[in-house]
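Okay, thanks everyone for coming. I'd like to walk you through one model today, and I'll start with a question once it's up on the screen.

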Amino acid sequence: MAFWSPTPHQLLGLLPLFLLLPYGPIYVTGIRVGVIRKQSVDDFPVFREAPEFLNGGECSPIDVDRVHIAMTLDVNYLRGTMGAVLSILQHTSCPENVEFHFLSARFEPELLVSIKASFPYLKLKVYHFDPNRVKGKISKSIRQALDQPLNYARIYLADLMPEEVRRVIYLDSDIIVVDDIRVLWAVELGDKVVAAPEYCHANFTSYFTNAFWSDPVLARTFENRRPCYFNTGVMILDVEKWRKGRYTDKVEEWMGVQKQKRIYHLGSLPPFLLVFAGNIRGVDHRWNQHGLGGDNLKGKCRSLHPGPISLLHWSGRGKPWLRLDSSSVDGDDRETEAGEGESEVGSSGGLSDVGDDDDVGCGA
């Protein structure tokens, strides 16, 4: 397993390796490597073909020990997705046991062509997430990007996954994994439906409005629970328990309350907190170093988590590929930046509601 405690300079050095992937030939001894053809769309990203990643001798048969990972798929977030997939394959001892499940709101054949050309050996499935599933259920939040339908796709994972998939790791597309994903997969959920790193130091009350806390009925929602904030960009879901417990309906019920009475400001995160906060399996914080993507120039930074890191998460507005495009390493996180994520413009693919990430780490 690879354990890493990076400095900001090391974070910066990591980005070109995973995210730039420039067009042009590369040569690796003993591994088949090539280049995909440029897409017909002029501004569509072009990537190298990744090497074939093979299992080590200690790996169980694929059908016995398969790791299921779900991510959203969107053209504006494609470079983040490519970096995330590559980092997962590079750092696991059993890459052939990993299967990806991509959720896409629009039919964009270039996306599938690009992924299959870059990762010809990748086990993957693509599912259509119908935006009409959440039509009329989304309330306007504090950021336009959080209102995009694909940001709510994680709520419907259990409906989209095949019946044989009993559990799945959900990951945002603005992450880089620097450890063996099998360690996260091995977390035992017990009787819980969701597992994720918890952050009990965060001001939990700030995620909901005064209208919520002043309502005597709503305010009792968390009775007999010790609710803590958790970031929905890195979760393990017991899909079987989710289906049996009809948790999609429970999350949607809170979205309905929000439509009638504004009880929170953010997008898809608060309904998750209302249903699960204080009743999840905690995971080591190393598996979500979220909050990256702050701005050195504006002083919007905070300290990284202490100790080793297994997963880096750019949950702030400053996505690495946007900064590389603008040649602004320190980050100029203008709200008019194109693309998705935490910016105000563009569609949302796999971003997470960051809540307390207004002051975020400035790694990369």
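Predicted model: local features only at pLDDT ≥ 70, side-chain atom pairs only at ≥ 80, totals over all residues.

So, which residue forms a salt bridge with glutamate 99? That's arginine 66, and the closest N and O atoms are 2.8 Å apart. By salt bridge I mean a side-chain nitrogen of Lys or Arg within 4 Å of a carboxyl oxygen of Asp or Glu.

Local features need pLDDT of at least 70 and side-chain atom pairs count only at pLDDT 80 or more, while totals for chains, interfaces and linings use all residues, and side-chain values use heavy atoms, with hydrogens and water left out.

Back to the glutamate 99 and arginine 66 pair. Glutamate 99 is in strand S2 (residues 98-104), and arginine 66 is in the loop between helix H1 (8-20) and strand S1 (67-73). The two are 33 residues apart, so the pair links distant parts of the chain. When I say helix or strand, those are DSSP runs numbered from the N terminus: H or I with at least four residues for helices, E with at least two for strands. Glutamate 99 is buried at 4% relative accessible area, whereas arginine 66, at 25%, is partly exposed. The cut-offs there are under 20% for buried, over 50% for exposed and partly exposed in between, using a 1.4 Å probe and protein chains only. There's also a network here: Asp63, Arg66, Glu99 and Lys125 are linked by salt bridges.

How many salt bridges does the structure hold? It holds 15. Another one of them joins glutamate 252 and lysine 137, at 4.0 Å from N to O. Glutamate 252 is buried, at 18%, and lysine 137 is partly exposed, at 27%.

Now let's zoom out. The protein chain has ten helices and eleven strands, and 56% of its 364 residues count as buried. A contact here means heavy atoms within 4.5 Å. Among contacts between residues at least 6 apart in sequence, 78% join residues at least 24 apart.

On to the inside. A nonpolar core, for this talk, is a set of buried Ala, Val, Leu, Ile, Met, Phe, Trp, Tyr and Cys residues joined through side-chain atoms within 4.5 Å. The largest one has 51 residues, and the members that touch the most others are Val194, Phe208, Phe230, Trp242 and Phe276. Which element gives the most to this core? It's H9, with six residues. In soluble globular proteins, nonpolar side chains tend to be buried together. Valine 194 touches, among others, Phe230, Met235, Trp242 and Phe276, leaving aside residues up to four places away in sequence. A second, separate core has 37 residues, including Phe47, Ala84, Leu111 and Leu189.

Let's look at helix H9 itself, residues 269-276. Eight of its eight residues are buried, Pro270 and Phe272 among them. The cover over those buried residues includes strand S6 (194-196), helix H6 (210-213), strand S8 (229-230), strand S9 (234-238), helix H7 (239-245) and H8. After H9 comes glycine 278, with a positive phi near 85 degrees.

Are its faces covered or open? Both are covered: Val234, Ile236 and Asp238 are buried on one side, and Met235 and Leu237 on the other. In a regular strand the side chains alternate between the two faces of the sheet. Strands count as paired if DSSP finds at least two bridges between them. S4 and S9 run antiparallel and are joined by five bridges, with aspartate 238 as the bridge partner of arginine 167. S6 also pairs with S9 in the antiparallel sense, over two bridges, and there valine 194 partners leucine 237.

Asparagine 224, in the loop between H6 and S8, has a positive phi near 65 degrees without being a glycine. Asparagine 224 counts as exposed, at 83% relative accessibility. Arginine 246, in the loop between H7 and H8, has a positive phi near 55 degrees, and arginine 246 is exposed at 55%.

How values were computed
Residues numbered from 1 in each chain as written.
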